[in-house]
Amino acid sequence: MESINRMAVELVDEALDFADELNVTPYELDSGATVLDFGVEVDGGVEAGVLLAEIQTAGLATITTRTGRVDGAPVPHVELSTDHPGVALLCSQKAGWELEFEFYDGLGSGPARALVGQETEFEAVGYYDEFDLTVLAVESIDLPDERVVEHVADLAGIEESGVFLPTFALGSISGSVAAGARAPESAVWQLFEAGYEPDDVLSVSGSAPVAPVGYDESEAMARTNDALAYGGEVHLTVARADEDAFAAIPSTAGAEFGEPFAEIFDAHDWDFEALPESVFGPAAVTVDVVDGPTYRFGERDEALLAESFGF
């Protein structure tokens, strides 16, 4: 496979060419690095969110939107499909790069992670990237500065001028769309955590509601998790059966807590690490084993979604 950073840079070029139409604002820093505001000081939009998800998956996934329903009310949904789930989802889209400094707080996803390759999924997938430009999508309420650029360039092993940082707040239109596009990634991650080999996941498709936008990041974090855990639906085509691993994919949030994530997080003092990882899967999953059986686990919870979304 060719460089996923090269493919992502091509998508960033598209964002730069159509910045006005997408409600995206680019900034070139003194180092030559480029920051693209997808939803921090600008509103972004649905199309910007779709392109952001495409950048996060390095162009290896198809992302679309449609109008679905939550408890009978029309609500936008975002859908993602990929035939390269290991690379596109685990090695690129997963938000695995923590940007925690005294001067900045953010979370990175995208193909820049594959230039570093220190997370366990890279060894499992067997993919590492080499390229002289890189893209790290940053979830933060602040735009990154030269110090963040220096950090990314140093770990990725490239010049600072080759760093591109699409940045968004979760509490933006773009952020809400990109979060909904994570339903398949959450399923593949839970499967990986259950010990299933990523190479045996052949194709993944999934959808989730686009959570109502709230500019408060805590509210946005809660609602986007509700959208996945109570509304995310995923279909996987896999090479071999492992019923126990498949059963571990759906979120356990409903069974364990039975309330919106705002209340769950509040009860745990917003310490995400205090919660079991099993709550962060999608609501429902269907798994087709090639030349084998089909498994189905979990279901959407329309009542909890409606409560979270304020219906």
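Q: Where is the place of Asp71?
A: Asp71 sits in the loop between S3 and strand S4 (73-82); helices (H or I, at least four residues) and strands (E, at least two) are DSSP runs, numbered from the N terminus. This is a predicted model, where local features need pLDDT of at least 70, side-chain atom pairs count only at pLDDT 80 or more, and totals for chains, interfaces and linings use all residues. Residues are numbered from 1 along each chain as its sequence is written, and side-chain values use heavy atoms, with hydrogens and water left out.

Q: What is phi of Asp71 near?
A: Phi of Asp71 is near 55°, a positive value in a residue other than glycine. Most residues other than glycine have a negative phi.

Q: Is Asp71 buried or exposed?
A: Asp71 counts as exposed, at 52% relative accessibility. Buried means under 20% relative accessible area, exposed over 50%, and partly exposed in between (1.4 Å probe, protein chains only).

Q: And Ala58, what is its phi near?
A: Phi of Ala58 is near 60°, again positive in a residue other than glycine. Ala58 lies in the loop between helix H3 (46-56) and strand S3 (62-70).

Q: Is Ala58 buried or exposed?
A: Ala58 is buried, with a relative accessible area of 0%.

Q: Which residues that line the largest pocket are the closest to its centre?
A: Of the 35 lining residues, the closest to the centre are Ala95, Leu107, Met221, Phe272 and Phe280.

Q: Which element gives the largest share of the lining?
A: H10 does, with 6 residues. Helix H10 spans 217-231, and other elements that give two or more residues include strand S5 (97-100) and helix H8 (173-180).

Q: What about the lining by class?
A: There are 15 nonpolar, 9 polar and 11 charged residues. Ala, Val, Leu, Ile, Met, Phe, Trp, Tyr, Cys and Pro count as nonpolar, Asp, Glu, Lys and Arg as charged, and the others, Gly among them, as polar.

Q: Last one: how far apart are Arg147 and Asp269?
A: Arg147 and Asp269 are 122 residues apart in sequence and 30 Å apart in space, C-alpha to C-alpha. Arg147 is found in helix H7 (residues 146-156) and counts as partly exposed at 42% relative accessibility.

Key. On a 1 Å grid over the protein atoms alone, a cavity is a set of points where a 1.4 Å probe fits but cannot get out, and a pocket is an open set with protein on both sides within 12 Å along at least five of seven lines; lining residues have an atom within 4 Å of a point.
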